[in-house]
Amino acid sequence: MGRTLASVSSKGSSEARTLWEVLTTVAINPSNGKCRTLPILSLNNQYSRNFHLSWLGFWVAFLSCQQIGNSNIISLCATLGVRLIVGPLVDRYGPRKVMAGLLAIGAIPSGLAGTVKSVQGLYLIRFFIGVLGGTFVPCQAWTTAFFDNNVVGTANALVGGWGNSGGGFTFIIMVALYDRLVKDGLSSHTAWRVAFAIVPVPVLLSVSVATLVFGTDRPREKLENHSKASDSITHSISHDVEDRADGERSEVKRAPRLSNDEKNNVDHLIATVPNYEVPDNTTRHLKRTGLHVLVKPSTWLPSLAYLTTFGYELAIDANLANVLFGLYQSNTFGQTKAGYIASVFGLLNLFTRPLGGYFGDLVFRKYRVVGKKYWMLACGMMQGVFSVALGVYIDQKANPSLPAVVVLFTLTAVVNGAANGANFALVPHCNPEINGFMSGLVGAMGNLGGVVFALVFRFQPRPFGKAFWLSGIIAAGVNVLLALIPVPEIAT
C-alpha cells in the first residue's frame, strides 16, 4: 500500500527519494495538487487509480480496432475528427467523464461488427468504431492533469505506451480466440462474429463503469487539505506576492537571491494558486484558446512531429504483416505467423514509449523544455533513418533475410516509440492552460499522419521496401525542419 509524503514545492526534492518511494508514495505539490512521484504500485490514492484507468481505457479501445484495407483509412479519418472534438470536451467536462463516455459509445458499433455482411457495412462500422481512437486524448490529458512537471513526461509515456500496446495484444487475443472457436467447430465466418461479441463489448462497458466509479477529474477533487495547501503556498511565497484586499491584481516581486530554476518555480506556483491573479502578459496567455492557439509555432512543434512518428506507427501496424507475408509466404509461413511477428512493433510500446518520456524528464532537469524538444526530434530523425535502411535493404536483396528484416524494423520501432513518448513529454509545456485541446490536436495530427503513410503503403505496394524508405525520408525531413521552431522559454 502506498503512503503520502509531505507536500513539496521545491523542484529538486524528488531526486532524494528511492525508486521504491517514487513508485509507492504520494508527494503532492501544494500549489497545484499534482503528484511529484509515480505511485503506480499502489491503488489507495486517486493518482494511482487515475493513472491505471487512463492506460486501461486506451488499451481496451484496441479490442475493436481490427484494421483491414480501406476500412483502416476510414477509421483513421473518423478518429482524427473525434480527437479534435474530444480535446475541448476534456477541458470542459474532465478526462474521466469523457473517457467513460467514449468507451460506452464505442461499445455499440463494436457489438454490431459481427452483423456486417457487406464491404459498405464494414466501412460504416469501422467509421463509428473510430470513436474509440479518441480515448487517447483523455488518456494523455488525465495524467498531465495529475502529475507534476518533474514526472509528467514519464507518466504520459507510460500510459500511452501501455495503452498503445493494446494494438499488439489485440491481435494475439482475437486470433487466439478465433482459432479456438474454429477448432470448436465454428466456420471461419461465424468465428469472427462470435469473437467480437465475446470480448470487446463487455470489456469496454466494464472499464467505462470502473472509470466513472473509481476515477476523478481534477487533482483537488478529493483533496481534503485544499485550503491548507493554498495557505501553505501563500505563506511560502509571501515575500514575493502582495495580496491586495480590494481585489486588485497581486504584485510579483522577484527576489534577487532566487536562481533561474527557482524563479520558474515561483512563476508556476503563482499561476496555479487559486484566488491569485498574475501579471498582464500571463493573464493574456491564459485567455488564448482555439484559433489563437493555432497561430502559435509551439502548437505545431509537437503536432507535426507526432504526425511523422505516431502516423508512421499506425501505418506499420496496419501493413507490416502483409509485407512480411508477401516476402516470405510459404507452407510454413502463413498470414497468422506474419501477424504474430508484426505484432512485435506494437508490443514494444510497453517499454519504448515510456523510455522516451523518461529521458524527456531527465533532459528537462538540466536543459529544460528545449532539451525535451531536441530529444523528441532526434528520435524522429533516427526513425526516418532506420526506416530508409529497412526499405533499401528489402529492395536491394533478392531474398532478404527474415532475421535482418526483424532487426531493422525492431530498431525502427524502438526509436519510433521513444519519439512518441518524448512528444507527450513536451506537450504539457505547450499551451498548458488548454491541455485537452492540445492533446486532441496533437493526437489528431498523429491520425492524419496515419492516413498519409497508409496512402504511401497503398499506392506504393511494390517493391515491398519502397513505402518504407519513402516514409523514412518524409519523417526525417519534417523533423529536421521542426528544429527551427522555438519552445516556450519558461516551463509551466
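Which residues is serine 165 in contact with, leaving aside its neighbours within four places in sequence? They are Trp59, Gly346, Leu347, Asn349 and Leu350, where contact means heavy atoms within 4.5 Å. The model is predicted: local features need pLDDT of at least 70, side-chain atom pairs count only at pLDDT 80 or more, and totals for chains, interfaces and linings use all residues. Residues are numbered from 1 along each chain as its sequence is written, and side-chain values use heavy atoms, with hydrogens and water left out.

Serine 165 sits in the loop between α7 (152-164) and α8 (166-183). Helices (H or I, at least four residues) and strands (E, at least two) are DSSP runs, numbered from the N terminus. With a relative accessible area of 1%, serine 165 is buried; buried means under 20% relative accessible area, exposed over 50%, and partly exposed in between (1.4 Å probe, protein chains only). A polar atom of the serine 165 side chain lies 2.5 Å from the backbone oxygen of tryptophan 162.

The protein chain as a whole has 20 helices and four strands. Of its 492 residues, 54% are buried. Among contacts between residues at least 6 apart in sequence, 76% join residues at least 24 apart.

Charged side chains provide further links. Side chains of opposite charge can pair when their charged atoms come close. A salt bridge is a side-chain nitrogen of Lys or Arg within 4 Å of a carboxyl oxygen of Asp or Glu, and the count by this rule is five. One of them joins the side chains of arginine 36 and aspartate 148 (2.9 Å, N to O). Arginine 36 lies in the loop between β2 (25-26) and α2 (46-61), and aspartate 148 in the loop between α6 (136-146) and α7, so the pair ties together parts that are 112 residues apart in sequence. Arginine 36 is buried at 4% relative accessibility, and aspartate 148 is buried at 2%.

Another salt bridge is formed by arginine 96 and aspartate 217 (3.2 Å, N to O). Because arginine 96 lies in helix α4 (residues 95-112) and aspartate 217 in the loop between α10 and α11 (226-236), this pair ties together parts that are 121 residues apart in sequence. Arg96 and Asp217 also belong, with Lys97, to a network of salt bridges.

A further salt bridge links arginine 180 and aspartate 184 (3.1 Å, N to O). Here arginine 180 is partly exposed, at 45% relative accessibility, whereas aspartate 184 is exposed, at 54%.

How values were computed:
A polar contact is a pair of N or O atoms within 3.5 Å; within protein, one must be able to donate a hydrogen and the other to accept it, and residues adjacent in sequence count only if both atoms are side-chain atoms.
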